[in-house]
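Please look first at the sequence and the three-dimensional structure shown below. The paragraphs that follow lead through them step by step.

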Amino acid sequence: MSEIAAGTTLPPLAYDVTATTVVLGALASRDWRPMHHDQDFAVNRNGTRDIFLNTPNMAAWFERYLTDWSGPKGRLGRMRFRMKGSIFPGDTMVFNGTVASVDDDDTGCRWVSLDVTVSVDDAVKTECSARLAVPTTPDDNPWARRGERWLP
Amino acid sequence: MSEHRSGAEERSSDGQRTAVHSGAAAEGGGPLGTVPDDVIALIDVVQYEETAGFPVERGYIWTTCSSVENGNPLFWDDAVAADITDGPIAPPTMLSVWFRPHNWAPGRAEPHLPLQVHFDLKDRFELPEAVMTDNTIVFYEPVRPGDVITTCQKLKSVSEPKTTKLGTGRFWVIDVEYRNQRGELVGVESYTGFGYRRSEA
């Protein structure tokens, strides 16, 4: 991953969201609240357009997007989310990411800071700032770091 | 926790940072003069410590990976997991999943709400509405199948009253810490909430 530099863009990921996507994601994250599986509740009680993706599952989507790019040695240190809008069945959500910076810390760990968004029809629904550790050489493995050698 | 969709802003209309750390409060006379002593006394105090009702399990790891089509071999190929992570681990972003209780369990007392401190503050300040404006997760030791995770909540800061386009209320920051059965920190979630009362039209 030595070619990573500020400004590097990640390949976009587009995904057609269905009711199954929403329900499966909610139950996978053990979120039983009705606005993530019951359309009548979502529309008539919550006043939303439909059931919508829940936040914990959204985090899992961002993780997948980032590690698709980094490979299995990529290790998340930190993620920050800003929620701006919901994603509903019928939406095509599109993930985009850009490398903001690349720095080695005092322990020699290489950190890639990334700005990632998920959008629907070019409107950003959630922003994610992530700090991802990546190997510096083929033998390096961020997952081997513990204690004072892991400073996320 | 926080699919609140809103126009809440972290900065108030006067542009000042709204979530003020408690450190300023102890000095007295500062902008936090409006935060009551009983609330300041809660800052950095361990609250609502709770141990998960079930161990981390691979079934949920696979269900989660399937739900987002995550093909990372760390979670699907034991040889890769043995090589890179010294055995299977859970996706880091599943941190809070291990704490959501079953929808029903025999003889169970009502569990704490997730982020009970948030609801406590809404009640304390009599603020009927609330949104989460910001959520940060920091990952430490990997979570592994069989781990039993313990969590606690800590209030980190409370702001003086602020007015945003949603209404008037206060911002607060709450940390949720997660540790494994050996007491090792596995992660910290930090939430910024805004409890408020809608502005009169």
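Where in chain A is the place of A:Phe88? A:Phe88 sits in the loop between β2 and β3 (92-104) of chain A. Helices and strands are here DSSP runs numbered from the N terminus, a helix being H or I with at least four residues and a strand being E with at least two.

The structure is a predicted model, in which local features need pLDDT of at least 70 and side-chain atom pairs count only at pLDDT 80 or more, while totals for chains, interfaces and linings use all residues. Residues are numbered from 1 along each chain as its sequence is written, and chains are lettered from A and ligands numbered from 1 in the order in which they are written.

A:Phe88 is partly exposed, because 19 other C-beta atoms lie within 10 Å. Two residues are in contact if their C-beta atoms, placed from the backbone, lie within 7 Å. Apart from its neighbours within four places in sequence, A:Phe88 has contacts with A:Val17, A:Arg49, A:Asp50 and A:Phe52. Between A:Phe88 and A:Arg49 there are 39 residues of separation in sequence, yet their C-alpha atoms are 7.6 Å apart.

A:Trp69 belongs to helix α3 of chain A, and A:Trp69 counts as buried because it has 21 C-beta neighbours inside 10 Å. A:Trp69 and A:Pro11 lie 58 residues apart in sequence, with 8.0 Å from C-alpha to C-alpha.

These residues may now be placed in the whole chain. Chain A contains three helices and five strands, which follow one another along the sequence in the pattern β-α-α-α-β-β-β-β. Its C-alpha trace spans about 55 × 30 × 20 Å along the principal axes. Of the 152 residues of chain A, 40% are buried. Among the contacts of chain A between residues at least 6 apart in sequence, 65% connect residues at least 24 apart.

How does chain A meet chain B? In chain A, 34 residues are in contact with 30 residues of chain B. On the side of chain A that touches chain B, α1 (19-28), α3 (55-70) and β2 (75-83) each supply at least two residues, and α3(A) gives the largest share, nine residues. β2(A) also pairs with strand β2 (residues 129-139) of chain B, in the antiparallel sense and over four bridges; two strands pair if DSSP finds at least two bridges between them. In this pairing A:Met79 stands opposite B:Ile137 of β2(B).

In chain B, helix α6 (residues 116-124) has the buried residues B:Val117, B:His118 and B:Leu121. Seen down the axis of α6(B), these buried residues fall within an arc of 105°, so they line one face of the helix; the arc is that of the directions from the helix axis to the C-beta atoms. Their cover includes β1 (47-51), β2, β3 (150-158), β5 (167-179) and β6 (185-198) of chain B.

Finally, the confidence of the prediction deserves attention. The average pLDDT of chain B, the predictor's confidence in each residue from 0 to 100, is 84, and 82% of the residues score at least 70. Over residues 1-32 of chain B, however, the pLDDT is below 50. For the complex, the predictor gives an ipTM of 0.96 and a pTM of 0.86.

How values were computed. Buried ≥ 20, exposed ≤ 12 C-beta atoms within 10 Å, placed from the backbone.
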